[in-house]
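This report describes the secondary structure, strand pairing, domains and chain contacts of the structure displayed below.

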Amino acid sequence: MASIDIESVRKSYGPFPVLHGVDLTIRDGEFIVLVGPSGCGKSTLLRMIAGLEEVTSGDIRISGNRVNDLAPKDRDIAMVFQSYALYPHMSVADNMSYSLRLRKTAKEKIASAVGGAAAKLGLEPLLERRPKALSGGQRQRVAMGRAIVRKPKAFLFDEPLSNLDARLREQMRAEIKKLHADLKATSIYVTHDQIEAMTLADRIVAMHGGVVQQVGSPLELYDTPANLFVAGFIGSPGMNFLEGRYVVPGEGKGAGIRLSDGTVVPVASRTGIGPDATVTLGIRPEHVVISDTGMLEASVDLVEPTGFGIILHLSLHGLPFKIFTLDREALSAGPTVRVDFPQKYLHVFDDKGDRVG
Amino acid sequence: MMHQPIQKHRPPLRKRLADASEPYLYSAPALILIAAVMLVPLVVGISYAFRDIQLLNPFSGGFVGLDHFRALGQDQAFFGALRNTLWWTGASVFFQFTFGLILALLLDKPFYGRGLVQALVFLPWAVPSFLAGLNWAWLFNPVIGPLPHWFVALGLMDEPHNILSDPHLAMWGPIVANVWWGIPFFAITLLAALQAIPRDLYEAASIDGAGPVQRFLSITLPFLAPTIAITVLLRTVWISNFADLIVVMTNGGPADRTQIVASYIFTQAFRRLDFGYASAIALVLLALLLVYSMLIVLLRQTMLNKG
């Protein structure tokens, strides 16, 4: 087990920068999830930690030792690939023991390590099979087994569940979480799936365009997103955004945000923005309250029952707007509904997209 | 139930005949074409082996049974050609494969201008074999070619002479030409197989601690094995039948030192004009190659079953 320090790490392919200086400290035993849309640089960062990509500038340290120039095999890390990357010509047991055999580990030690990992992952009856005779979920397990037999300093996961169907993904997600609780090994997990990020991470690193947008616990990112990107990326269905102008408090009235139709949505007073500044108001679909006395009226475009709850697709001032509610009455919502925005759930972002207050 | 008995009557004979022959009639054009193009010449060719066919002898053509094969059993030139065939095929396939594999491994690594090099590598394959043979014959000729002079400069030869006229070295001339000519085949097919290997397997192996040699042995080689087996089989059969270069460069000489079975058949048929005897030799070669092919196919099957 080890801590991993990433210090102003940059990566460019020729003249094209992919990562614009990433700083990150990963504590011993922590489960870190790198999340972001495709092309945001999360996989590149992971592959640089693994040693599969060269670092253009900056330092990567594992347990305090600079590893920039170390070959992947000398970094003492294990990686689980999206495609699993199992050796097709070897049995499950040989796949799992390959790294130990290369290190000339004693036969008895190999057998006990493979046996232990197989027991943990429920692979014992499959040890003599070849990868092609396994299902997707079983291959995924073998890939994890191959990683854990070595007891590496850190586990790297590159979208390991993307090739599985939804139900299996949910199941493996829980297993990965259990495994981490059990092994307590430092883990870095790359995904574009924000549910995986939310459920697995001790801390999430949200990335976009080669820049780290926010680092924090899942609920920190959910409750206080640092900018419009994080606010929009985390959460499903995604946060609603409305353009408006900031109204400073005064004359017995509190602060507010004036929307395009003149309605002023009251918000808690914020510092750091001037009067009449252009802002974006954000509210999550599940925080919108439907009420006959609501201050805004929206027309209902579409009603989506998910079973668990109901998603209402609305038009508010001509812009799409979503509500998520558990109330079945919403199924019979009329052509229009009135909505209210509780103050404590409102997010305000300035014209650069950064959170205010 | 009321309507069924009517249907139970057997249809008239003509209808039944037409129904039964339908699939054969549909496939007949293709089958007849294949039979005419492939089977007829084969059968005629095989029949020559048992007949006395000499182009310049108008009275020949009679059935001679196994006479040709008895003569073949006594024919020292044939056994010499058989030994030369083994030597020619073995050396050619071995070097073509070795250099082809090395070239494929080099071309598999990304480098600037790889597309152009890949295209150029294929060029020798596009050169007509007779032209390639003439070219190499000239290269080995000390009067016009540079190679003997280079050999002397390197200390490999005492004085520039033509290795094609040296009984001990003559076979190397066509072999070198054949290797040059055949490397692209192995390079391109093996390169295609190499590029089908998923890259992340190599990445996983490098994280697992495998060096270049171990990665080659535990990933590249198992992936290439089926391709290697089938290409080596094909090339072996082709090369043992491939007389062009030898006919052009040495014509079997000096003193039959470069005569292989295929060129011996050519000599018998088109120089001595004894088609019967040539067919008998060809039949023996065919049988040997069939046995060899079956062995390789069996080997490949066991390999695939294991893999």
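Chain A of this predicted model contains eight helices and 20 strands. Its C-alpha atoms fill a box of roughly 80 × 45 × 35 Å along the principal axes. Of the 357 residues in chain A, 40% are buried. When contacts in chain A between residues at least 6 apart in sequence are considered, 64% of them join residues at least 24 apart.

Confidence in chain A can be stated both for the chain and for its elements. The mean pLDDT of chain A is 90, and 100% of its residues reach 70 or more. Among the elements of chain A, the highest mean pLDDT, 95, belongs to strand β3 (residues 31–35) of chain A, and the lowest, 88, to strand β13 (residues 264–266) of chain A. Where pLDDT is low, predicted coordinates should not be read in detail.

Two strand pairings in chain A involve β14(A), and both are antiparallel.

At the level of domains, chain A is divided into domain 1, covering 4–232, and domain 2, covering 237–349. The centres of domain 1 and domain 2 of chain A, taken over C-alpha atoms, are separated by 39 Å. Contact between the two involves five residues of domain 1 of chain A and six residues of domain 2 of chain A. On the side of domain 1 of chain A that touches domain 2 of chain A, three residues are nonpolar, two are polar and none is charged.

The remaining topic is the interface between the chains. Here, 16 residues of chain A are in contact with 15 residues of chain B. On the side of chain B that touches chain A, α10 (199–208) and α11 (212–240) of chain B each contribute at least two residues. The largest share of that side, seven residues, is supplied by α10(B). Classified by residue type, the side of chain B that touches chain A comprises seven nonpolar, five polar and three charged residues.

Key. Residues numbered from 1 in each chain as written. Chains lettered and ligands numbered in written order. Predicted model: local features only at pLDDT ≥ 70, side-chain atom pairs only at ≥ 80, totals over all residues. Contact = placed C-beta atoms within 7 Å. Helix = DSSP H or I, 4+ residues; strand = E, 2+ residues; numbered from the N terminus. Nonpolar A, V, L, I, M, F, W, Y, C, P; charged D, E, K, R; others polar. Domains from an automatic or database assignment. pLDDT = per-residue confidence, 0-100. Pairing = 2+ DSSP bridges. Buried ≥ 20, exposed ≤ 12 C-beta atoms within 10 Å, placed from the backbone.
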